[in-house]
Amino acid sequence: MNLRPILFFFLLISFLEVRAQDPIFTQYMLVPETINPAFTGLANAWNAGIINRRQWPDGNRRMDTRFGYVNNMVTDQLAVGGTILNHHEVFTDYNYYQLNGAVSYRVELNDEWRLRFGVEGGYGFKNFNFGGLLLEDQININDGSTSAGSIDPGVLNVGNKIDFLDFSGGIVLDKDNMWFGAALKHLNRPDISFTENGNVPLDLFLTVHGGYYLDLNNSKPSFLPDDSDVFFTFNYMRQSQYNRLDIGGIMELPMFSFGVMAVTNPEGRSNNSHFITSVNPIISMKLGAFTFGYSYDLNISRIGNTQGVHELSLTWQSNHTCNKCDNYKVKLKRNGENGYMR
């Protein structure tokens with residue numbers, strides 16, 4: 001038997017196991033729960049949202065990632081919530097689901113600064129349709145017919161499904177016009193091997209992020225309405241050998257916002273690495289309790305025509321408050337004014 005197809009098959013599995021990367025969203029500032037559990041309950045009201053990311057929309061290469069969340073403060077310091085994540089790849093029929101519960105706790109440091117601690121944990125499930133692969137020993141070269149499955153012992157030890165428990169933690173330091181945070185995901189290093197006796201710990205995912213609001217009320221151009229400001233933000237991510245830094249600015253107006261993010265590769269690993277890989281315009285519109293967001297990742301690297309990446313988000317924030325929670329009466333200056341960090 002020619003071993004090349006089999007070796008290629010296991011090389012593919014090894015790559016998917018060892019180099020598996022977490023899904024990443026451009027609109028993390030609209031849905032910060034995607035990067036850090038310490039943002040749970042930040043809005044100080046019932047809030048929920050969904051975000052859908054479609055990467056490389058061409059039919060055979062398309063990847064869809066969906067994330068949903070709901071959370072609220074239950075006391076002056078404690079917040080609870082839940083998240084759900086799904087990632088699907090058309091060309092491999094790979095599916096990934098994760099359902100998490102999240103808890104955050106807030107400490108008032110002084111009249112301005114707050115420190116938030118967050119943890120989340122839940123159940124992950126991955127499904128890879130290896131049964132759909134056609135290997136050489138399944139093909140009858142005499143008549144072109146194929147058998148139902150391979151008899152190779154290595155292939156027989158590969159499962160289509162794995163499940164695991166996963167835990168993450170994070171912190172956020174914030175005040176009215178700025179915030180800084182960090183989170184570390186997969187603290188327990190769950191095994192994501194598809195082989196029966198494999199042991200492939202999921203790589204830790206580190207993210208460091210921040211944001212700053214520049215108030216334009218004292219120096220804004222005359223054509224801008226009141227309550228206009230500029231929001232600057234960054235998000236550095238690292239997992240195994242992969243790294244990414246998103247940085248940009250967004251002009252916030254009372255009803256809508258627009259801006260641009262640049263995706264960079266600050267630690268280029270080869271001569272072919274690109275420092276800036278894409279430029280991402282972002283727009284959002286607030287209609288009552290809902291905020292709609294859209295972003296498009298415009299590829300500027302030499303990877304070729306990918307047809308970009310589209311993201312759509314919808315978030316909702318309740319106008320109801322908790323009479324038992326003092327934090328509804330004071331706290332965040334920007335609560336309810338726009339979609340960014342709510």
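The structure is a predicted model in which local features require pLDDT of at least 70 and side-chain atom pairs count only at pLDDT 80 or more, whereas totals for chains, interfaces and linings use all residues. Residues are numbered from 1 along each chain as its sequence is written, and side-chain values rest on heavy atoms, with hydrogens and water left out.

The chain contains two helices and 14 strands; these are DSSP runs numbered from the N terminus, with helices being H or I of at least four residues and strands being E of at least two. Of its 342 residues, 46% are buried, a class defined by under 20% relative accessible area, with exposed meaning over 50% and partly exposed in between (1.4 Å probe, protein chains only). Among contacts (heavy atoms within 4.5 Å) with a separation of 6 or more, 58% link residues 24 or more positions apart. The accessible surface amounts to about 17100 Å², and carbon and sulfur atoms contribute 60% of this area. Accessible areas were computed by the Shrake-Rupley method with a 1.4 Å probe, and for residues only the protein chains shown count as cover.

Gly170 lies in strand β6, which spans residues 161-175. Gly170 is classed as buried because its relative accessibility is 11%. Beyond residues up to four places away in sequence, Gly170 touches Asn36, Pro37, Ala38, Arg116, Phe117, Gly118, Ala182 and Ala183. Arg116 is 54 residues from Gly170 along the chain, and the C-alpha atoms of the two are separated by 8.3 Å.

Gln27 is placed in the loop between α1 (4-18) and β1 (47-55). With a relative accessibility of 0%, Gln27 is therefore buried. When neighbours within four places in sequence are set aside, the contacts of Gln27 are Ile51, Gly293, Tyr294, Ser295, Glu311, Leu312 and Ser313.

The greatest share is that of β12, with three residues. Phe258, a residue of strand β11, is counted as partly exposed because its relative accessibility is 39%.
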